[in-house]
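User: I want to learn how to read a ligand site. Please take me through one, step by step.

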Amino acid sequence: MVGRLRAQGITHQKILAAMSTLARELFIDEALRMRVYDDCSLPIGQGQTLSQPYIVARMTEVLLSASRPVQRVLEIGTGSGYQAAVLAQCGCAVFTIERIASFLAVARERHRALGLFNIRYLHRDGFNGWPSQALFDGIIVTAAPRNVPVDLIAQLAPGGRLIVPVGLQGAAQRLMLLTRTATSYTSQPLDTVSFVPMLSGEQF
Ligand code: SAH
């Protein structure tokens, strides 16, 4: 998998090392384990998916390539816990929010089993971010809102990056990079992607 990520243009050593260290199969149902290193997204239950390895690596690389040191990172959409584990393995202090409580409990167990303790969890609708823990050096959203969630920019430190897929499921979605500046923010479209929708409200 890591050789393929390199061929796909991922160069960040910490990310390649993290993804070769972390057993991706621990985040996926046993029935799907033979597909776990394939270059495709995988179902994780309740209609949700874990992104293909390239997208996980790509989003992490964009996040960590900010002009400021990236320590505190907010993830919205914990899901299987894999993306949070990659960030933690890269040395970030991770704050992860999930609207489905059962996902959060399973992800926490997986992280504990792997000895990843620099992750904090919140069961909440992530549209409002995690104001009491702001500011963050980076924010990564792993479900797609219809519009760019500009309110989250206020929870970024200056120079910090927000990476978010935007658009309707099934239509062309675009990965967006928003960077907080001293007085405002800049916005840059990146890859075309396909994510499950970001939904309002909480679930158990
Ligand atoms: N990062 C995940 C992939 C998540 S799939 C992983 O590594 O496995 C998208 C996740 O976003 C789902 O678990 C879904 O429940 C969650 N989600 C969707 N809308 C949300 C919201 N408003 N707040 C928090 N989580 C949300």
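Analyst: Start with the term polar contact: a pair of N or O atoms within 3.5 Å. Keep in mind that this model is predicted.

User: Which backbone atom lies 2.7 Å from a nitrogen atom of the ligand?

Analyst: A polar backbone atom of Gly-126. Side chains contribute too. An N or O atom in the side chain of Glu-75 is 3.0 Å from a ligand nitrogen. For the side chain of Thr-142, the distance from an N or O atom to a ligand nitrogen is also 3.0 Å.

User: How much of the ligand does the protein bury?

Analyst: 98% of the 580 Å² that the ligand exposes when taken alone.

User: Which residues come nearest to the ligand?

Analyst: The shell holds 27 residues, and Gly-77, Ser-80, Glu-98, Gly-126 and Leu-199 come nearest. By type, the shell has 12 nonpolar, 10 polar and 5 charged residues. Now the elements. β2 (48-50), β3 (72-76), α4 (82-89) and β4 (93-98) each supply at least two shell residues. β2 gives the most, with 3.

User: Where does the ligand sit?

Analyst: First, the general idea. Rolling a probe the size of a water molecule over the atoms shows where empty space is left. Here the ligand sits in the largest pocket. That pocket has a volume of about 580 Å³. Its lining counts 37 residues, with Gln-48, Thr-49, Thr-142, Ala-143 and Val-196 closest to the centre.

User: What types of residue make up the lining of the largest pocket?

Analyst: 17 nonpolar, 15 polar and 5 charged. β2, α3 (53-64), β3, α4 and β4 each supply at least two of the lining residues.

How values were computed: Residues numbered from 1 in each chain as written. Predicted model: local features only at pLDDT ≥ 70, side-chain atom pairs only at ≥ 80, totals over all residues. Heavy atoms only, no water. Near = heavy atom within 4 Å. Polar contact = N/O pair within 3.5 Å; in protein donor to acceptor, adjacent residues only side chain to side chain. Areas by Shrake-Rupley, 256 points an atom, 1.4 Å probe, with all protein chains shown as cover. 1 Å grid on protein atoms, 1.4 Å probe; cavity = no way out; pocket = protein on both sides within 12 Å on 5 of 7 lines; lining within 4 Å. Sits in = over half its atoms within 2 Å of the grid points. Helix = DSSP H or I, 4+ residues; strand = E, 2+ residues; numbered from the N terminus. Nonpolar A, V, L, I, M, F, W, Y, C, P; charged D, E, K, R; others polar. Points joined across faces, edges and corners; volume = space filled by probe spheres on them.
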